[in-house]
Amino acid sequence: MITKPILELIYEAAHIQRWNDHIRPPQGFTELDKQSHKMFYAYVIAKYEEASGQKVNGKSLIEGALFEFFHRTVLTDIKPPVFHKMMRESGEKLNRWVLSQLNDTLKDISSGFMERFESYLLDDTQSPVERRILHAAHYLATNWEFGIVYP
């Protein structure tokens with residue numbers, strides 16, 4: 001069930017301005033822009049993988065994208081080098097904190113969504129093909145964004 005807190009979380013992502021150490025276009029990029037662009041790439045990569053004979057679980061891909069989207073929405077103000085260091089050194093603790101921040105917002109989604117979210121964040125061996133696709137999609141969307149801000 002989609003609740004007001006879930007819609008507010010998505011709305012918030014549509015207004016989080018993406019920032020880094022570089023000049024950005026005046027209108028900027030929102031976190032929702034980035035995540036939408038990432039999903040476009042994920043869809044194309046998944047279709048290519050399937051055409052090459054790789055089995056891709058569409059539900060796992062979509063849920064993984066949502067889990068990563070919600071995770072990033074909570075942690076968006078942490079610059080990438082700091083974020084990656086924190087994940088290396090205290091990833092489980094950080095992921096548990098993210099889950100605690102989102103529990104009240106997402107708890108009303110049925111069918112064990114929060115349990116699958118927790119499992120996804122705490123077990124990085126889950127859905128390896130879909131994670132690889134999402135990782136590649138993230139890289140491509142980030143590279144495209146960097147290509148705009150770099151000059």
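These questions and answers cover helix packing, aromatic pairs and salt bridges in a predicted model.

Residues are numbered from 1 along each chain as its sequence is written, and side-chain values use heavy atoms, with hydrogens and water left out. In this predicted model, local features need pLDDT of at least 70 and side-chain atom pairs count only at pLDDT 80 or more, while totals for chains, interfaces and linings use all residues.

Me: Which residues of helix H1 are buried, and against which helices do they pack?
Reply: Helices are DSSP runs (H or I, at least four residues), numbered from the N terminus. Buried means under 20% relative accessible area, exposed over 50%, partly exposed in between (1.4 Å probe, protein chains only). In H1, residues 4–13, the buried residues are Ile 6, Leu 9 and Ala 13. Their packing partners are helices H2 (31–51), H3 (58–75) and H4 (80–106).

Me: Which exposed residues does H1 carry on the face turned away from its buried side?
Reply: One of them is Lys 4, with a relative accessible area of 60%. The exposed residues on that face are Lys 4, Leu 7 and Tyr 11.

Me: Which residues does Glu 49 contact, leaving aside neighbours within four places in sequence?
Reply: Glu 49 sits in helix H2. It is buried, at 15% relative accessible area. Contact means heavy atoms within 4.5 Å. Its partners are Gln 54, Val 56, Arg 132 and Ile 133.

Me: How are the rings of Phe 67 and Phe 117 arranged, stacked or edge-to-face?
Reply: Rings of Phe, Tyr and Trp (its six-membered ring) pair if their centres lie within 6.5 Å; planes under 30 degrees apart are stacked, over 60 edge-to-face, the rest tilted. By this rule there are 8 aromatic pairs. In the pair of Phe 67 and Phe 117, the centres are 5.0 Å apart, with 10 degrees between the planes: stacked.

Me: How many residues apart in sequence are the parts tied together by Phe 67 and Phe 117?
Reply: Phe 67 is buried at 1% relative accessible area, and Phe 117 is buried at 0%. Phe 67 lies in H3 and Phe 117 in H5 (residues 113–122), so the pair ties together parts separated by 50 residues.

Me: Which residue forms a salt bridge with Glu 63?
Reply: A salt bridge is a side-chain nitrogen of Lys or Arg within 4 Å of a carboxyl oxygen of Asp or Glu. The structure holds 9. Glu 63 is buried at 12% relative accessibility. At 2.7 Å, N to O, its partner is Arg 116.

Me: Which residues form one network with Arg 96?
Reply: Arg 96 and Glu 118 meet in a salt bridge at 3.3 Å, N to O. Arg 96 lies in H4 and Glu 118 in H5, so this pair ties together parts 22 residues apart in sequence. Salt bridges with shared partners join Arg 96 to Glu 92 and Glu 118.

Conventions. Helix = DSSP H or I, 4+ residues; strand = E, 2+ residues; numbered from the N terminus.
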